[in-house]
Amino acid sequence: METPHYVAARVQRALAEDERTTELGIRVDVRGEEVYLRGQVSCDERRHQIENVAREAAPGLRLHNEITLVEVREPGEEEHL
Amino acid sequence: MRELRIAAVADIHLGEDLRGHYRKKIEGIERRADVLLVGGDLTRHGTIPEGRVVAEELSGLPIPVVAVLGNHDYHSDRNQEIIDLLRDAGIIVLDDEGAVVSIDGVRLGVAGGKGFGGGFAGKCASEFGEPETKAFVRHTKEIAERWRRALKDLDADHKIVLSHYSPVKDTLMGEPPEIYPFLGSYMLAEAADAEGADLFIHGHAHAGTEKGVTPGGIRVRNVALPVIKHAYTVYCLNGDHC
């Protein structure tokens with residue numbers, strides 16, 4: 001079995017460098033044959049695309065997509081400086 | 001003197017899939033703010049079609065919009081064309097320079113640009129060794145010097161530095177410390193502290209925190225969208241009321 005450390009590094013690089021994702025802020029953890037993706041993105045399509053790219057970079061492993069959607073809220077209270 | 005209401009956001013990462021979404025959130029911004037500052041990473045890949053989406057989403061607002069690019073906006077080597085098309089859409093884009101916006105007679109000076117990394121005092125890269133390392137550090141050094149001169153030349157009542165990269169560690173809390181040198185540089189803070197400013201706005205650190213301060217006492221705000229979780233945040237300068 002490939003060392004989990006290197007699998008995680010490969011997935012993280014793929015997410016950053018693949019034109020379909022270019023996501024730098026996703027955390028990738030590999031434990032045994034399980035891959036965990038964590039972070040925030042702004043739409044569901046991006047969340048799925050990240051999963052697809054990660055799956056290609058870590059074939060045969062079980063993938064857990066724990067990425068959450070950032071909900072952009074209306075502006076709140078202002079700060080006085 | 002009238003107080004200024006500064007709306008700020010960064011890392012909006014627009015693309016075809018988000019066309020129209022951000023615009024909806026900033027409709028009516030003129031009731032809450034006098035100017036909108038956008039701290040880079042306007043796109044995902046820095047392509048021309050994405051740049052056009054940004055221009056559509058940010059143009060035609062009743063208040064001035066001042067923006068800088070981020071590292072994502074450089075990814076496809078079309079950064080200059082993106083700057084041009086945003087400027088054609090009426091957006092003020094700072095590329096290591098300053099601009100003054102007049103708001104009811106109050107002059108707001110904004111200086112800045114993308115910025116770059118290198119790390120923070122005591123734990124940073126130096127202009128030493130391989131040419132690649134020297135080029136990395138020199139890039140930040142040259143940017144900081146251009147910002148210092150731009151700040152000095154601003155003839156304004158209030159001054160703000162607008163950047164993508166962070167000037168301090170404070171607003172990176174939450175990011176892994178190992179990547180701090182890729183998230184900002186103390187040289188950006190040093191330039192601002194040398195000439196003085198009321199506020200330093202940046203983005204880039206999605207997992208960081210909003211509030212910090214430079215060694216010289218300038219308030220720093222990380223307005224990356226995943227940090228502020230709102231379409232923008234409003235900071236009021238020089239006034240008890242907004």
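A:His48 is located in helix 2 of chain A, which covers residues 44-57; helices (H or I, at least four residues) and strands (E, at least two) are DSSP runs numbered from the N terminus. The structure is a predicted model, in which local features need pLDDT of at least 70 and side-chain atom pairs count only at pLDDT 80 or more, while totals for chains, interfaces and linings use all residues. Residues are numbered from 1 along each chain as its sequence is written, chains are lettered from A and ligands numbered from 1 in the order in which they are written, and side-chain values use heavy atoms, with hydrogens and water left out.

A:His48 has a relative accessibility of 43% and therefore counts as partly exposed. Buried means under 20% relative accessible area, exposed over 50%, and partly exposed in between (1.4 Å probe, protein chains only). A distance of 8.5 Å separates the C-alpha atom of A:His48 from that of A:Asn65, 17 residues apart along the chain.

Chain A contains two helices and six strands. Their order along the sequence is α-β-β-β-α-β-β-β. The radius of gyration of chain A is 15 Å, well over the 12 Å that the globule rule gives for 81 residues, so the chain is more spread out than a compact globule. This radius is taken over C-alpha atoms, and the globule rule is 2.2 Å times the number of residues to the power 0.38. The C-alpha trace of chain A spans about 55 × 25 × 20 Å along its principal axes.

Of the 81 residues of chain A, 41% count as buried. Among contacts in chain A (heavy atoms within 4.5 Å) between residues at least 6 apart in sequence, 53% join residues at least 24 apart.

An unreviewed UniProt entry lists residues 3-71 of chain A as "domain: BON". UniProt positions are given in the numbering used here, feature names are shortened, and annotations may be inferred rather than shown by experiment. Over residues 3-71, chain A is 41% helix and 26% strand, and the end C-alpha atoms are 36 Å apart. For chain B, UniProt lists residues 4-207 as "domain: Calcineurin-like phosphoesterase", also in an unreviewed entry. Over residues 4-207, chain B is 29% helix and 23% strand, with 28 Å between the end C-alpha atoms.

A:Glu79 belongs to strand 6 (residues 79-80) of chain A. With a relative accessible area of 17%, A:Glu79 is buried. Apart from neighbours within four places in sequence, A:Glu79 is in contact with B:Glu210, B:Lys211, B:Arg221, B:Val234, B:Tyr235 and B:Cys236.

In chain B, B:Thr214 is found in the loop between strand 11 (211-213) and strand 12 (219-222). Its relative accessible area is 3%, so B:Thr214 is buried. Neighbours within four places in sequence aside, B:Thr214 is in contact with B:Val168, B:Ala189, B:Asp193 and B:Val220.

Helix 3 of chain B (residues 79-88) has B:Asn79, B:Ile82, B:Ile83, B:Leu85 and B:Leu86 buried. The cover over the buried residues of this helix includes helix 2 (48-58) and strand 4 (92-93) of chain B. Helix 3 is followed by B:Gly90, which has a positive phi, near 90 degrees.
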